[in-house]
Amino acid sequence: MRAAEGSPIAGIPGFLARVGRHTVAAVRETGYAAVLTGEALMWLAVGARRRQPVRVSAIFAEAMETGVRALPIVTVLALTIGVMLAVQGIHTLAQFGAESQVTTGIALSVVREFAPLITGILVAGRTGSALAARIGTMRISQEIDALRVMGIAPVRFLVTPALVAMVVMVPCLAFWADAVALLGGGLYVGLELGMSLSAYFDRIFAALTTDDLLHGLGKSAIFGLLITVIGVVNGAMVSGGAEGVGRASTRAVVHAISALVVTDMLFVLVLTR
Amino acid sequence: MTHTSRTPRADGEAAVGEPVITVEHLDTHFGERQVLANVDLTVRRGEILVIMGGSGSGKSTLLNHLLGLLRPSAGTVRILGHDINALDQVSLTDLRCRMGVAFQGGALFSSMTVGENIMLPLREHTRLDARTMRIMARLKMEVVNLAGFEDLMPAELSGGMVKRAAFARAIVMDPAILFCDEPSAGLDPVVASTIDQLILDLRAAFGMTIVVVTHELESAFTIADRICVLDQGRVRILDTPENVRASPDVRVQALLNRRIETPEVDPESYLQRLTGDIL
């Protein structure tokens, strides 16, 4: 029976249908992402035996694009974040007369949180969107079909090299961001508090443990995996030509950043408390 | 390379080789909609078979089945003696190395040069050294009259050149079967006729079996040994071009003469279709 027009419940069936459709789509995409990850890892493990080897040259090409070419922008952002944390830290701690304790705050927040998260967000915007656009364009121009009919497994050829490169290069970028952000913070602390760089880094290393570093780098590796899978899934679902590619690219960035922030929160909840 | 014209077969048989493609009782559904219904088809060695039909007739779906890109609801597709839907991954890769496909839009990889595109199957499936691969790619580029363009990017090629490059990539592994999806679509008549001639030349030079999906009538009658006309997912006729042209079937003649068949409209159902879910 249909609800009368204008009744407060008139829109409920449509709303529930929409919620249902979105839920089914989300479950389907999650399942596809899981299968895709499994298949990419499977090709890495047994590709050579099945005459579908994952080319080292392809991994290097992806690593150059994902990692080396992102270095300038990571450097700029990390330096800025380091300075910003130092300014904010000194300003806050000055209320308690504890400005010199800013080094501990900078060390932990950069290595455990800011460097991995900022690097992840940057790579999601830069490489995740490019991956979605590339896969989407290849799909609508039948390049994926061309790979399949040439006997080349598309996941092995396109996804596995990108996945390996991201899982390796995002932690490398995060490590670089750690170093640059700590340096940025050190330069400002030196100017503001007159602390030498060597004294600053002595305090930084005293505040940090190997666990802190591994926490940040481990998180970055997971971010790399998430960005790749989300980019590929969105690219593989493209329909509707160039407009569809644009939509997929935007969606990949939004989904990846959301996934990164939620994953980061889960890491903090599980490992920091 | 000398140009070769199609040789009509005097005995009325389109081709004499053994079957290399056999389609039996093929049914395909997309959701509730049946796209192919009980399609039976045989392609013999060395034959050029043209699959024709209007938009939505199911010809692209049939091609996707022949390429193993779709799984049928029922029926079998045997390529070179193998059920393409029952092969394991390694055997399917082996089979695909014996098939070449020239896609409608070329499907060249935009991030690679034309030469790299053509060499890709060699790089992935052979242990040839780089120099030998380049020579083989150049050889195929000579065959399709594209010599000297190996360092260009696909975006720098004209429509006809893209099709030629797609042909070069499709034949670089010397396949037993070549599939062409709308090879002359979107080309001017002169360039389209050179593509038709290229298909005939490839068969003459390499003895390939060629399956062409097209809606270009002139092209179909120029190159085909046999023509398969698909209509609403069913094989309407599968015969020599002469017999297809002479077919008394009204729908075949409608396709050949580009006549539009307007179905009779029942006013009641028409009104229901327009307003049923709104009023």
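Helices (H or I, at least four residues) and strands (E, at least two) are DSSP runs numbered from the N terminus.

The model is a predicted one, in which local features need pLDDT of at least 70 and side-chain atom pairs count only at pLDDT 80 or more, whereas totals for chains, interfaces and linings use all residues. Residues are numbered from 1 along each chain as its sequence is written, chains are lettered from A and ligands numbered from 1 in the order in which they are written, and side-chain values use heavy atoms, with hydrogens and water left out.

## The six-stranded sheet of chain B

In chain B, an open sheet with mixed pairing has six strands in the order β6-β7-β8-β3-β9-β10, where two strands pair if DSSP finds at least two bridges between them. β6 and β10 (234-239) of chain B stand at the edges with a single partner strand each, so one side of each has no neighbour in the sheet. Neighbouring strands are turned against each other by 15° on average, direction ignored; axes are lines fitted to C-alpha atoms, for helices over the stretch in contact, and angles run from 0 to 180 degrees between N-to-C directions.

Four bridges join β6(B) to β7(B), and these strands run parallel; within this pairing, Val101(B) has Phe179(B) as its bridge partner in β7(B). Strand β7 (residues 177-181) of chain B is also parallel to β8 (residues 209-213) of chain B, to which five bridges join it, and Ile177(B) stands opposite Thr209(B) in β8(B).

## The largest cavity

A cavity is a set of points on a 1 Å grid over the protein atoms alone where a 1.4 Å probe fits but cannot get out, and lining residues have an atom within 4 Å of a point. Grid points are joined across faces, edges and corners, and a volume is the space filled by probe spheres set on the points. The whole structure holds three cavities of 30 Å³ or more, and the largest has a volume of about 120 Å³. Its lining includes Val149(A) and Met150(A) as well as Arg96(B) and Arg169(B), and β6(B) gives the most to this lining, with three residues.

Terms used
1 Å grid on protein atoms, 1.4 Å probe; cavity = no way out; pocket = protein on both sides within 12 Å on 5 of 7 lines; lining within 4 Å.
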